[in-house]
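This report covers the interface between two chains and the confidence of the prediction. Please look at the structure before reading on.

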Amino acid sequence: MDRTAEFKAAVNSLLSRGQLRQHNNGNTRGSQARQGKEALAYAEFSRLAASIGREIGETQTKLDKLTKLVKKKGLFDDRPVEISELTHHIKQDLSRLNAQTGALQKHVRATAAKATRATRQMDEHSANVVIILQSKLANTSMGFKEALELRTESMQASKKRQDQLLNPGGAPPQQLQPQQNSPLMTPTSILSPLRNNSKTPLGLVPTARTPTPTSQFLHQQNIPNGANGRGSPYAQASPNHYPANGGSNGMDDPYQASNIHRRKGGRSEDLHGSYEDDSEAAGPASMLFQQQHYAPQADQYIQNRSTAIEAVESTLQELGGIFQQLAQMVAEQRDTVQRIEANTDDIELNINEAQNQLLRYYRNISSDRWLMIKIFLTIIFVFLVISLMS
Amino acid sequence: MKIYAIYVVRNNVKPAKAIVDVKDLASFGFFQRSSIGEFMTFMSQTIAEKTQPGQRQSIEESNYVGHVYARAEGVAGVVITDKEYPARVAFSLLNKILDEFTTRFPNSATWTPEACTYPELPQYIVTYQDPKQGDTIMKVQRELDETKIILHKTIESVLERGEKMESLVERSDVLSTQSKMFYKTAKKQNSCCVIC
């Protein structure tokens, strides 16, 4: 545990007492009174600094415990409840310490404003102590951030290992995601305030939703973490960490919730309606894993069926289109048919008329008296010509 | 694509016991049939034991695939096929068989090979040898494809009909003109055109 600040505070108090004694030996009462007041103020300051240092030490121990929990590599025995509790505590402590160091710094600046020659050393010293406390706080919060990142990585690794163990066919985890999507869409009330805390260091829950928000989240989270990460060790770093760590507390609970929902969703998506006769009793964790293994299998069967039926549907649609084309072509040919009909009507008309004409002509030819007279006269004329010739 | 065997196995007791089964091992040599049959029985009982109720699984083993579907009543159906047989058809066949079986013999006490007679099973294995015949979806798909082919031919015929109609139109136009000329000539003939 880090007790340097306490030590420094103790040294300060001793020194101040030594100074008081020195000054008491050779000064007037006014300066004595002033020194007494300053010593009081300085003792106050040293007490505050000591308490802050102690609390930083406690936070550091908690952080060490958290790091140890996170580093445990078991597949089944990480304890998200403890980790989330610890994270919560550490966050609260960090915020409180931040506030206290802020107050201390203001106090120091206030006393430095009325700096006199004699107290300048003390003020400088107090300022240095404040700076040291702040740097310690920044280190602690950076360690906290690293622990959270470790936790994210370990959760992702464990999830990948689970997928590898339970999908021996080498199916990629993306196959689980469409199935996870539908059951995970239901606890949106849990997850949506989390999404609004956009800077989450744990990318796990966004991974489970859809691929495209995942990339957005990771992109978003990488930028602030990278910007804040290793740079300034001073107080500016610590407030920036808090929104980044703010979403992490609720992360583990939705992960549990998503586990539960995935279990139920795996069951309900298993079969289509008429064969759903399984009990809804929540089994032990082995059931969960088995369902995670079987659900993709049943999912595949259902997907095969759905693709086959979709093929049938598309064939039917094509057939519908073909029928429509057929109808259109026949309709286009309709006016051609009408033209032909009109033409044939004309032809019939014409021919009938011509036949009438010919009949009249034949009648004229066959029964005309004037024609007979003409023929008779022609014969007589021919006889006359012949008789005249001979 | 062949089905080799269909089993209905009772898997709520361990070891699992086959209730009814039918095998079609005609593709194997005569002397191998019995051993292959026994191996298939053993395999189907094993995988029926290992399947949880309500789950479907496809297990691949040397050159057979066993599709198993377990119902919650404690009975499971296993279909052993070769590798090319589509899994979907196998599972729909299993659905059908298990439905019929459970409606016919709902009492789990009567599940003994002697008491349960299931005569349609050999029929099924024959009809489902060709997955396109047996499965409803594939039958529909096949008929739709045939209809599509017929429709394509119909459209070609309609195109030819169009061409013929065009030629008909032209011909009727020509005829109409000619008949008109004929009429005019006849009319002219009939007017007073005196010879000489």
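Eleven residue pairs with both members at pLDDT 80 or more are in polar contact between chain A and chain B; a polar contact is a pair of N or O atoms within 3.5 Å, one able to donate a hydrogen and the other to accept it, and residues adjacent in sequence count only if both atoms are side-chain atoms. On the side of chain A that touches chain B, helix α11 (residues 285-367) of chain A gives the most, with 39 residues. Helices are DSSP runs (H or I, at least four residues), numbered from the N terminus.

This is a predicted model, in which local features need pLDDT of at least 70, side-chain atom pairs count only at pLDDT 80 or more, and totals for chains, interfaces and linings use all residues. Residues are numbered from 1 along each chain as its sequence is written, chains are lettered from A and ligands numbered from 1 in the order in which they are written, and side-chain values use heavy atoms, with hydrogens and water left out.

One salt bridge is counted between chain A and chain B: Glu318(A) pairs with Lys148(B) at 2.6 Å, N to O. The term requires a side-chain nitrogen of Lys or Arg within 4 Å of a carboxyl oxygen of Asp or Glu.

| Part of chain B | Mean pLDDT |
|---|---|
| Chain B | 84 |
| Helix α4 (residues 131-134) of chain B, lowest | 77 |
| Helix α5 (residues 136-190) of chain B, highest | 89 |

In chain B, 96% of residues reach 70 or more. For the complex, the predictor gives an ipTM of 0.74 and a pTM of 0.42.

How values were computed:
Helix = DSSP H or I, 4+ residues; strand = E, 2+ residues; numbered from the N terminus. pLDDT = per-residue confidence, 0-100.
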